[in-house]
Amino acid sequence: MRPKLLVGNWKMNGTRADLPQIDALVAAHPTPKAEMILCPPATLLGRAAERAQGHALAIGAQDCHGAERGPHTGDISPQMIVETGATHVILGHSERRAEHGESDSWVRAKARAARAAGLTPIVCAGEDLHARQSSNEIDIVTAELLASLPDETDGTTIVAYEPIWAIGSGIAASTEDIAIMHGAIRDALTQRFGETIANQIRILYGGSVKSDNASSIFAVENVDGALVGGASLLATDFGAILTALEAAT
Ligand code: PGA
């Protein structure tokens, strides 16, 4: 059985004034039946990791560079992230692919570098509305995901299916569509990495997950948890989704 996992992505939200949300979250959920990771902006990683210490909460970054050091103004290396106390890193989020032109091969290089530094990558893939409307979504998502995963991927790697049109839109994918996509992703992972590894990899769904749709999404086969954006900012919202995930375990 794959342990259920809930990941919160604060994106470019949150200042020091928001750190008490972390205290509230761990206080309300001291012994969760699912794993929990929160990914605040880079400026808060160290402080967030300090607050999470000793609690059932891991901290992740939202991106990293593919090199250890060098002339890359504004970037942060996996080794620097490790030093903050964070243990995970989101890679290949569609917002980075769109706003920073990140290619599959670049995401793959980042995932390789993250793993080498000791971080667990959370690799994202998802189709845009055009691909969905032209019924191309399975080919596009599985190709994007496989091209974004390095050959040395093992069962600890986490992947997230995030349809771009569902992110921040308030309209999550239907449970039928999620079931089909997650099944296709599991098959694609099996073909590439073999059954043992593919069966260990957690496949998260992301895109407008809220407390009111979480239970139905978590009941879908091959959904091992969620990657949550907007509803991760407040401990009460995120905690309610965690409770739904615990009920599904
Ligand atoms: P959302 O974002 O939950 O706000 O739709 C999800 C994500 O981009 O990870």
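**Ground rules.** I'm looking at a predicted model, where local features need pLDDT of at least 70, side-chain atom pairs count only at pLDDT 80 or more, and totals for chains, interfaces and linings use all residues. Residues are numbered from 1 along each chain as its sequence is written, and side-chain values use heavy atoms, with hydrogens and water left out.

**Ligand.** Which residues come nearest to the ligand? I found Lys11, His93, Glu162, Gly168 and Ser208, out of 13 residues around the ligand (near means a heavy atom within 4 Å). By class, I noted four nonpolar, seven polar and two charged residues in this shell. Ala, Val, Leu, Ile, Met, Phe, Trp, Tyr, Cys and Pro count as nonpolar, Asp, Glu, Lys and Arg as charged, and the others, Gly among them, as polar.

Next I looked up distances to ligand oxygen atoms. A side-chain N or O atom of Lys11 is 2.7 Å from one, and a polar side-chain atom of Glu162 also lies 2.7 Å from one. With Gly229, a backbone N or O atom lies 2.8 Å from a ligand oxygen. I then checked the cover: on its own the ligand has 280 Å² of accessible area, and the protein covers 97% of that (Shrake-Rupley method, 1.4 Å probe).

**Ser208.** Helices (H or I, at least four residues) and strands (E, at least two) are DSSP runs, numbered from the N terminus. Is Ser208 buried or exposed? I'd call Ser208 buried because its relative accessibility is 8% (buried is under 20%, exposed over 50%, partly exposed in between, with a 1.4 Å probe and protein chains only). Its phi is positive, about 60°, although Ser208 is not a glycine. I stopped at that, since most residues other than glycine have a negative phi.

**Ser135.** Ser135 lies in the loop between helix 6 (129-133) and helix 7, and counts as exposed because its relative accessibility is 61%.

**Ser148.** I found this serine in helix 7 (residues 137-148). Ser148 is at 0% relative accessibility, so it counts as buried. A polar atom of its side chain lies 2.7 Å from the backbone oxygen of Glu144.

**Ala49.** My last stop was in helix 2 (residues 45-52). Ala49 is buried because its relative accessibility is 11%. Its C-alpha is 6.1 Å from that of Ala86, 37 residues apart along the chain.

Notes. Polar contact = N/O pair within 3.5 Å; in protein donor to acceptor, adjacent residues only side chain to side chain.
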